[in-house]
Amino acid sequence: MYKVTRNSKYDFLGQSYASVFPNLHKYPATMLPQIGIEILRELNIKKGKLLDPYCGSGSSFTAGLDIGFDEMYGFDINPLAVLISRTKFSKVNIERVNLLRQRLRNRVYEFVKEEDNLKTLDLPSIHNIEFWFSKEVLINLSVIKHFIDKIKEKDIKRMFLIPFSECVRECSFTRNSEFKLYRMKSEDILLFNPDVFGIFFKKLTKTIDIYEKYYYPKLTDAKIEISYSKFPEQKNYFDVVLTSPPYGDSKTTVAYGQFSMFSNEWFGIKKARQIDNMLMGGRAVKEKYNHGVIANFINSIENESKKRALEVSSFYYDLETSISDVAKSVKVGGVTIFVVGNRRVKNIQLPTDQFIAEKFEEKGFNHILTYERQLGNKTMPSKNSPSNKAGDLKSTMSQEFIVVCKKMQG
Ligand SMILES: C[S@@+](CC[C@H](N)C(=O)[O-])C[C@H]1O[C@@H](n2cnc3c(N)ncnc32)[C@H](O)[C@@H]1O
């Protein structure tokens, strides 16, 4: 077993993401940037190439900028995650953004004055769309999207797609308190009549405001490259990895793909409904994972359910492969920092922190430390379904582990 030390310095109780670094867009299971800043400081790592292979909304880069890193790379398979990160960490001309904001407002309200204009709009070809959106909301969202698509500057256009994405979700018949897609009750839908333009322009102002106050001032000449793809191995390239991988397959833990589905569909992403299958643990496997520290836990789950044991196995096969690619991509002497949770399946807690240390040690790393922190400030579903039966919910985990390993040999 790899030693775990309880370290309350990393609890940041009472602090949230928003209290220090407001996020531009809601995103599930974000990592507190404060954790990244503290552990990089403690390990005295302040320069070199930083990698986050599952970057989500980009908390690692917020931490990296705060420490002074000038070269950072991120990867994520979820297009919405990449949009959020790229918008936060790209320098744009704020005056130009505000000019276009005013212009877009004028054009939208001018456009809807003429009913005939509405007939010229292309509504998105999304499957079963009227199950999730009212006709009026669909038209008004299409008006906004119609004018956003006229913005030529890619970086600036993103600044408008962020509030648009939040507006899509908020004006849909989705229950907003959940990450997974649940439709509102019909009686609530009858009373639901969102002011799409009002919501969008309010969110647009807030997005620009947060960007201008919290992200723009920090954007030095640092190179921050964020790719919409799985992390591809790059031999001995990175000095430090700071990341927070998913802690299980999307279907039974945090559904990043479902949460992002409407946004990704309005962005025109053809595979928007397959994202969760593309994420770690998303594909079906026939053989259970049966080696190393995790094997006995999967055997115990198998005693309860062969199906769940295979679903859990799929996740560890993918995590092992990804750790192997990451390990090869770190320079000798480089350090990996994985912030991860140990989920419960069939009431069996899976020691993913131990699994991560074990896999890196198999790749020429030494386990340096694992800190246990209390979870009090993470955007997580309050309950999830260890049994994956609808309605059979248990409270999700309350600890998180910061696993640090160092590469000793190539
Ligand atoms: C816990 S979240 C990261 C949150 C991020 N640290 C933040 O603060 O926003 C995990 C991310 O991993 C991504 N992901 C899952 N499987 C992946 C894979 N195989 N390759 C790349 N990204 C993946 C998901 O889309 C999700 O955005």
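Which residues does Tyr 316 touch, not counting residues up to four places away in sequence? With contact taken as heavy atoms within 4.5 Å, Tyr 316 touches Tyr 289, Ile 294, Ile 298, Leu 350, Thr 352 and Phe 355.

## Basis of the model

This is a predicted model, in which local features need pLDDT of at least 70 and side-chain atom pairs count only at pLDDT 80 or more, whereas totals for chains, interfaces and linings use all residues. Residues are numbered from 1 along each chain as its sequence is written, and side-chain values use heavy atoms, with hydrogens and water left out.

## The nonpolar core

Tyr 316 and Phe 133 touch the most other members of the largest nonpolar core, which has 128 residues. Such a core is a set of buried Ala, Val, Leu, Ile, Met, Phe, Trp, Tyr and Cys residues joined through side-chain atoms within 4.5 Å; buried means under 20% relative accessible area, exposed over 50%, and partly exposed in between, with a 1.4 Å probe and protein chains only.

Helix H11 (residues 196-215) gives the most to this core, with 10 residues; helices (H or I, at least four residues) and strands (E, at least two) are DSSP runs numbered from the N terminus. The core draws at least three residues from each of domain 1 (5-78 + 238-257 + 275-407) and domain 2 (94-216), the domain bounds coming from an automatic or database domain assignment.

## Salt bridges between separated segments

The structure holds 29 salt bridges, each defined as a side-chain nitrogen of Lys or Arg within 4 Å of a carboxyl oxygen of Asp or Glu. One of them joins Asp 318 to Arg 283, with the closest N and O atoms 2.8 Å apart. Asp 318 lies in helix H15 and Arg 283 in the loop between helix H13 (275-278) and helix H14 (295-304), so this pair ties together parts that are 35 residues apart in sequence. Asp 318 counts as buried at 15% relative accessibility, while Arg 283 is partly exposed at 40%.

Glu 233 and Lys 328 also meet in a salt bridge, at 3.6 Å from N to O. This pair links distant parts of the chain, 95 residues apart, with Glu 233 in the loop between strand E4 (223-227) and strand E5 (238-243) and Lys 328 in helix H15 (residues 306-328). Glu 233 is partly exposed at 36% relative accessibility, and Lys 328 is partly exposed at 32%.

## A further pair and a network

Asp 11 forms a salt bridge with Arg 6, the closest N and O atoms being 2.6 Å apart; Asp 11 is buried at 4% relative accessibility, whereas Arg 6 is partly exposed at 41%. Elsewhere, a network of salt bridges links Glu 320, Glu 358, Lys 359 and Glu 362.
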